[in-house]
Amino acid sequence: MGDADARVSKQVTSFKSWVKEKKISIPEKYSFTNTSGLEVEYWVMKALGFEPGKKYPLLLEIHGGPTAMWGPGERSMWHEYQYFCSKGYGVVYCNPRGSGGYGEAFMHSNINDWGNGPMRDVLTALDKAVQQGWADTSKLLITGGSYAGYLVAYILGHDTRFAAACAQRGVYDLRTFFGEGNAWRLVPNYFGGYPWEKTTYDVLEREWPVTYVNRIRTPLIIFHGEQDLRTGVIQSEQLYKSLKVLGREVEYVRHPGATHEITRSGNNRQRIDQMLRAWEFFERYINR
């Protein structure tokens, strides 16, 4: 606080005492070479209070974009990583093929391959973390938003290792995404054409998660914002209704007024609500 001339200042508050009592989990960096010969970086964060010899749940976090890039000080997700670590979870995250920041060849390595290739990369990062020996393999979890919501659903249609999953504001049917999402250019840019073209349609059908929805057995919670124009609520409605018809364990939360930015710059109450609901959902299934 200063006087009217901004010449005399006086400190009226301090967070030092609050901060010094807090503990954080520090990311540990690793890398591996994927099936396309590309080096993939990944980070592992251990639960707070980690004790050698104990087993911990492990949460696989996936980034959106798909050309986003995460790192050791990832600003948009730091609070979520630390929250789950404080709850006794380990966290693993990586930059799979298609991520930005590693050159053009790396960024374009998921052309016509949104599903299998990136899936292998994020699951390899998970496998590498599990090989450290402290993860409880009966308590593996997965989450991600936007493109990562897509990849969560795609993975669940191809892999059954997870105890529970959380898909946020994702794309689940690339055909309808072309019509309703404002990022529709991702369809021709990544898949070389449009849904009414037979060759492109066949690729899209192979790539969209709804094709494999009957294989999904993992309990899933789905989040979406009602005002999300990037991916559109029809995406989550279709995934949710399909799983309900199939009699699967699924829950769906639509946040009123929320946009695609909900977990980054959205309403703080909704951001907290979403994280708490995801944690409660995970706890329910890893402890049953």
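Me: How many disulfides does a search of the whole structure find?
Reply: A quick note: this is a predicted model, where local features need pLDDT of at least 70, side-chain atom pairs count only at pLDDT 80 or more, and totals for chains, interfaces and linings use all residues. Residues are numbered from 1 along each chain as its sequence is written, and side-chain values use heavy atoms, with hydrogens and water left out. A disulfide here is a pair of cysteine sulfur atoms within 2.5 Å. Searching the whole structure for such pairs gives a count of 0.

Me: Which cysteine has the sulfur nearest to that of cysteine 94?
Reply: Cysteine 94 is buried, at 2% relative accessibility (buried is under 20% relative accessible area, exposed over 50%, partly exposed in between, with a 1.4 Å probe and protein chains only). Cysteine 94 is in no disulfide, and the nearest cysteine sulfur, 16 Å away, belongs to cysteine 85.

Me: Is serine 146 buried or exposed?
Reply: Serine 146 sits in the loop between strand E5 (135-145) and helix H5 (147-156); helices (H or I, at least four residues) and strands (E, at least two) are DSSP runs, numbered from the N terminus. Leaving aside neighbours within four places in sequence, serine 146 has contacts (heavy atoms within 4.5 Å) with residues including Gln168, Arg169 and His260. Its relative accessible area is 13%, so serine 146 counts as buried.
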